[in-house]
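Please keep the sequence and the model in view while going through the numbered points.

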Amino acid sequence: MAEQNNKNNQPQVDTKQLLKVRRDKLADLQERGKDPFQITKYDVTHHSMEIKNNFEQYECGHDEEGKLVKDPAKLVSIAGRIMLKRVMGKASFCNVQDLEGNIQVYVARNELGEEPFEEYKDFKKMDIGDIVGIKGYPFKTKTGEMSIHAVEVTLLTKSLQILPEKHHGLTNTDLRYRQRYLDLIMNQDAKEVFIKRSKIISEIRKYLDGQGFMEVETPMLVHNAGGAAARPFDTHFNALDEDVKLRISLELYLKRLIVGGLEKVYEIGRVFRNEGVDTRHNPEFTLMELYQAYTDYNGMMDLTENLYRHLAETVCGSAKIVYNGIEMDLSKPFERLTMVDAVKKYAGVDWNEVETVEQARELAKEKHVEFEEHHKKGDILNLFFEEFVEEHLVQPTFIMDHPIEISPLTKKKPDNPEYVERFEFFMNGWEMANAYSELNDPIDQRERFKAQEELLALGDEEANATDEDFMNALEIGMPPTGGIGFGIDRMCMLLTDSAAIRDVLLFPTMKSLDK
C-alpha cells in the first residue's frame, strides 16, 4: 500500500473510505458497460517529451475569434497516468505522465466525443493514479504552458490504490526499494537512472560486438562455483538428486569456450555471492566477463580504457564525469601503477625489501594492519593495499602485478614469479574491474587449485575447489588469453551518480517483512 503522509503534518484521512470510493467508481463504470479493464489496447502515436521538444511542429494556432484551429494533421494520441487534476466547472486540467515525462491536458465539457457532457462527468470522477488515453491538439495556454486540448479521454486502467501526496513524493527509502513500481511513478530521477542503465548495457554490447566479440550464455547452476573468492549459495537439484551451487563467476565456462576455439567471447549475467549487503554489494548482481585469445592483461587494459571512455562519451555526453561532486577525467590516459609501487607511494613501505612472511607480519603489526595466521607475504601486501591505497584511487587507475597468493587463475610474471600479470581498475576508490593474463599452464593451475583446497580444509569458505573438467579443458590446450570481469552495477552507479547499489538495481535484495 502507498505511503501515507501523516508524518509530514498532512491532515489525517480515512484511507479505507477513500479506497472504497475508488472501488465504487469502478463498479459504477462496470454497471454502465464502461469497464476499463475490458480495453485491450490503445493507439499511442506520441509521447510527452516528443511533443514538447518539437512543439513548433505540432502546435495548433487560434483563429481571429480566439478559437483553437484543430488541424487533423496535428492530432496526437498519448497515454499515461494522471498525476494532477484540477476541476473547474466547464473546463478542467490534468497532468499526464508517460515514459518520457509529463504534459498538461486541457479538458472542456463541450468538446469530448459524441456525448461530451457524459464523458466530462466521467472525467471529473477520475482519480490521481488512473491511466488514461488522450487524443487532442497541442497548443499553448495563456500562461504559455505547452498542453494538449483533449477531444477524447479514455480511462484505460482504474487505479484502486492511493499514490503518495505529490509535493512530498515517495521519501521512504525502504518503501522505494520494496515497491520499485511506486518509486518509478513518483520519482522521475529514479526512472531516468534505469533508462540510463539500459543504455549503458546496450552501448557495452555495441562496443564489444564492434570489436568482434561474441555474446554467449553459460550455466547459472553449477557443481563447482569457481572463478572468484566468494561464498556460494547452495541448492538442490531434485530431478538428479544432486546438490548444486549458484555461480559466483562466469570465468571457468568462458575459458572452456576459448579452448573450443571461440577467440573473443563475453557474457553479461547475474552472479550470486552469499555475502553481506551494503552500499556497494548485493548478493545477486550483474557481472560482465570477457576473454580474448592471443592477448594479455595489457590488451585488457587498453580495452577497459577505451570502453569506459566510450561509455562516458555516449551515455553521459562527456569523457569527464561527476560522481558525488567529484570530477573524474576519462579523457586522459589512465594511470598505471604496480601494487608494490602503490603501497610504497601511499603507505611508505617498500615491499621489494620484504623477503619473508615474518618480515611482512612485523610490518603489519607496526602499521596496525590486521592479518590471519594463514596469510602469506603476498596476502599481507594486499592487506596493506586495501588499508592505505584504495581510498586514494579516485581518478581512473590500473593497479597491476598482484602477488601470486591472491591470484590462483593468473599467469606468473616471467621475470618475477612471486607476482602475476593481473590488474584491478579503480575509480572513486572502488574496484571497478579485475583482469588477468589467464593461466593456461595446466600443471601450474593444478598446483594453484591444490593450494586453494588447503585453504578450504582450513575453513576458508571463499577458496576455490579443483574443477576437474576445467583442468581437462586446459590440458587439451588454451591459447594465451586475456580476460576481465566488470561489475556492471558499480559502473552504473558511477555513470548515473547514484549513491548506493540499490539505486541502480530495479529490485534489490531486501529482508522479508515476515521476518
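1. A residue is called buried under 20% relative accessible area, exposed over 50%, and partly exposed in between (1.4 Å probe, protein chains only). By this rule Asp 469 is partly exposed, because its relative accessible area is 45%. Arg 256, at 15% relative accessibility, counts as buried.

2. The model is predicted, so local features need pLDDT of at least 70 and side-chain atom pairs count only at pLDDT 80 or more, while totals for chains, interfaces and linings use all residues. Residues are numbered from 1 along each chain as its sequence is written, and side-chain values use heavy atoms, with hydrogens and water left out.

3. Arg 256 and Asp 469 form a salt bridge, with their closest N and O atoms 2.8 Å apart. The term denotes a side-chain nitrogen of Lys or Arg within 4 Å of a carboxyl oxygen of Asp or Glu. This pair links distant parts of the chain: Arg 256 belongs to helix α8 (residues 251–259) and Asp 469 to helix α14 (residues 468–476), 213 residues apart. Helices (H or I, at least four residues) and strands (E, at least two) are DSSP runs, numbered from the N terminus. The charged end of Arg 256 also sits over the ring of Tyr 253, 4.4 Å from its centre; the criterion is NZ of Lys or CZ of Arg within 6 Å of the ring centre and within 35 degrees of the ring normal.

4. How many salt bridges does a search of the whole structure find? The search finds 35. One of them joins Glu 424 and Arg 422 (3.7 Å, N to O); Glu 424 is buried at 8% relative accessibility, and Arg 422 is buried at 7%.

5. The largest nonpolar core has 45 residues, and Phe 423 and Phe 486 are among those touching the most other members. Such a core is a set of buried Ala, Val, Leu, Ile, Met, Phe, Trp, Tyr and Cys residues joined through side-chain atoms within 4.5 Å. Helix α9 (residues 297–316) supplies the largest share of this core, nine residues.

6. Phe 423 and Phe 486 also belong to one aromatic cluster, together with Tyr 308, Phe 334, Phe 398 and Phe 425. Rings of Phe, Tyr and Trp (its six-membered ring) pair if their centres lie within 6.5 Å; planes under 30 degrees apart count as stacked, over 60 as edge-to-face and the rest as tilted.
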